[in-house]
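Please keep the structure in view while reading.

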Amino acid sequence: MKIASWNVNSLRVRLPQVLDWLAAEQPDVLALQETKIPDMQFPQAEIEAAGYRVIFSGQNTYNGVALISREPAAGAALTDLPGLDDPQRRVLGARYGAIYVLNVYVPNGQEAGSDKYAYKLSWLNRLQSFVEVQLQETPELVLLGDFNIAPQECDVHDPAAWENSILFTQPERAAFQRLLDAGLVDTFRLFEQAEKSYSWWDYRMLAFRRNRGLRIDHVLASQALAKRCTSASIDKTPRALERPSDHAPVIAEFTL
DNA sequence: ATGGCGGCTGAGAGCCGA
């Protein structure tokens, strides 16, 4: 079972790259964030023509998530965190076989101390509560997506420069740690990885070429499932294409 | 390192992302 996450920063723009990536990598599940497209305009036919199923929860301009899969999702999809009345489309959960897949686009937070920062932290609290409940229901669970949090110093190209900056503040990192404490494992760190491995690079300042990035996209697996994780990686190749997303796909594989 | 890029809207320049 190969599960991946990719913030595409507009599916309208990136659809050809997504189709190419599906053909090349053959994932069983691909979670997309920042599709930025209303459901009525979602390119369902193009994805189905590639041999995949897809479910989506979108809106215009901002946010939007989708789950592309080989096999159809079982049962109804979840599009809202329980207890959070939020028009922003940032969550999509569905079960594939025994595995519950929860695709999230965590709020950016903009700046420590801002209203958006408070929203981010409360959003992460709601996420944690839901994960705790869902783990009782489906012990095999993958929580993946754009977390907008670099959890450790080794996930930041210049930790000193990023100290107290959004994506790397202590409260954000503590919220990420609480997700792990709830029973999740950062699959990327189960394996030896190259130093300075990142999943996002700013479009500006030649950040990708200089590898000045952050690792903010993650595939977290429940402890039951993490035991069956056989690989975890970041695919930097799409980031080097013409007109790329600023994020790279992150991948984890599990034995069934 | 101020913003530097890119996508969006709406038809300007500004918002937002990270």
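## The first sheet

Six strands make up an open sheet of mixed pairing, in the order β3-β4-β2-β1-β14-β13. Strands (E, at least two residues) and helices (H or I, at least four) are DSSP runs, numbered from the N terminus; two strands pair if DSSP finds at least two bridges between them. The edges are held by β3 (53–57) and β13 (229–234), each with a single partner strand, so one side of each has no neighbour in the sheet. On average, neighbouring strands of this sheet are turned by 15° against each other, direction ignored. For such angles, axes are lines fitted to C-alpha atoms, for helices over the stretch in contact, and angles run from 0 to 180 degrees between N-to-C directions.

Strand β3 pairs with β4 (residues 65–69) in the antiparallel sense over five bridges. In this pair, I55 stands opposite L67 in β4.

## Basis of the description

The model is predicted: local features need pLDDT of at least 70, side-chain atom pairs count only at pLDDT 80 or more, and totals for chains, interfaces and linings use all residues. Residues are numbered from 1 along each chain as its sequence is written, while chains are lettered from A and ligands numbered from 1 in the order in which they are written.

Another open sheet of six strands has mixed pairing and the order β5-β6-β7-β8-β12-β9. Here β5 and β9 (184–186) stand at the edges with a single partner strand each, so one side of each is left without a neighbour in the sheet. From one strand to the next, the twist averages 20°. Helix α3 packs on this sheet and touches β7, β8 and β12 (217–222); the direction of α3 makes about 155° with that of β8. Contact between two residues requires their C-beta atoms, placed from the backbone, to lie within 7 Å.

Helix α3 (residues 115–137) has 23 residues and reaches 33 Å from its first C-alpha to its last, close to the expected 33 Å; the expected span is 1.5 Å times one less than the number of residues. Its buried residues are K120, W123, L124, L127, F130 and V131. A residue is buried if 20 or more other C-beta atoms, placed from the backbone, lie within 10 Å of its own, exposed if 12 or fewer, and partly exposed in between. The cover over the buried residues of α3 includes β7, β8 (141–146) and α5 (170–181).

## An enclosed strand

Six of the six residues of β6 (residues 91–96) are buried, so this strand is largely enclosed by the rest of the structure. V91, G93 and R95 point one way from β6, whereas L92, A94 and Y96 point the other way.

Strand β6 pairs in the antiparallel sense with β5 (residues 74–78) over two bridges, and R95 is the bridge partner of A74. The antiparallel pairing of β6 with β7 (residues 99–105) runs over six bridges, with V91 opposite V104. These two strands, β6 and β7, form a hairpin with two residues between them, and G97 in the turn has a positive phi of about 60°.

Most residues other than glycine have a negative phi. E34, although not a glycine, has a positive phi of about 55°. E34 lies in the loop between β2 (29–33) and α2 (44–49), and counts as buried because it has 22 C-beta neighbours inside 10 Å.

N63 is likewise not a glycine and has a positive phi of about 60°. Its place is the loop between β3 and β4.
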